[in-house]
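Trainee: I have a model open and would like to learn how to read it. Could you walk me through a few features?

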Amino acid sequence: MYLVHIHLELVPRTQLPFGARDMIRAALTADDLVEHVAVHLRSPSRLTLGFYLLAARLEEAEERAARVSRRLAKDVPVLRGARLRGAGVPLVPLAFERTPG
């Protein structure tokens, strides 16, 4: 399982309604292999979606998350017209590095 962050630029003056996460989740299909979605508004025009999804490889996870987000930008009214600004696994330096001893 991978956590992939999708960075979207929203259409100007878009306001995320209460329950936006549920709307996004409802638009996902079983084929998307998304286990969980987190929604983070970064500014009035920037949104980050966190997809926890199943994939065999990192590249596959990033590609699928980008593909799913492009579809969501067409299918979910609150995301309609949003532009994909980036997709990638967030790096946490040294978080899982073992210390000697």
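**Reading burial and salt bridges**

Mentor: Let's start with Arg64, which is buried at a relative accessible area of 6%. Buried means under 20% relative accessible area, exposed over 50%, and partly exposed in between (1.4 Å probe, protein chains only). Keep in mind that this is a predicted model, where local features need pLDDT of at least 70, side-chain atom pairs count only at pLDDT 80 or more, and totals for chains, interfaces and linings use all residues. Residues are numbered from 1 along each chain as its sequence is written, and side-chain values use heavy atoms, with hydrogens and water left out.

Trainee: Which residue forms a salt bridge with Arg64?

Mentor: A salt bridge is a side-chain nitrogen of Lys or Arg within 4 Å of a carboxyl oxygen of Asp or Glu. Here the partner is Glu60, with the closest N and O atoms 2.7 Å apart. Glu60 and Arg64 are separated by about one helical turn because they sit four residues apart in helix H2. Helices (H or I, at least four residues) and strands (E, at least two) are DSSP runs, numbered from the N terminus. Glu60 itself is partly exposed, at 25% relative accessibility.

Trainee: How many salt bridges does the count come to?

Mentor: The count is seven. Take Glu9 and Arg85, whose side chains meet at 3.3 Å, N to O. That pair links distant parts of the chain: Glu9 lies in strand S1 (residues 2–9) and Arg85 in strand S4 (residues 83–88), 76 residues apart. Glu9 is partly exposed at 22% relative accessibility, and Arg85 is partly exposed at 42%.

Trainee: What about Asp32, buried or exposed?

Mentor: Asp32 counts as buried, at 5% relative accessibility. Its side chain meets that of Arg71 in a salt bridge (2.8 Å, N to O). This pair also links distant parts of the chain, with Asp32 in the loop between helix H1 (20–27) and strand S2 (34–43), and Arg71 in helix H2, 39 residues apart. Arg71 is partly exposed, with a relative accessible area of 25%.

Trainee: Which residues does Ser69 touch, not counting residues up to four places away in sequence?

Mentor: Contact means heavy atoms within 4.5 Å. With those sequence neighbours left out, Ser69 touches Ile6, Phe51 and Leu84. Ser69 is in helix H2 (residues 58–75) and is buried, with a relative accessible area of 1%.
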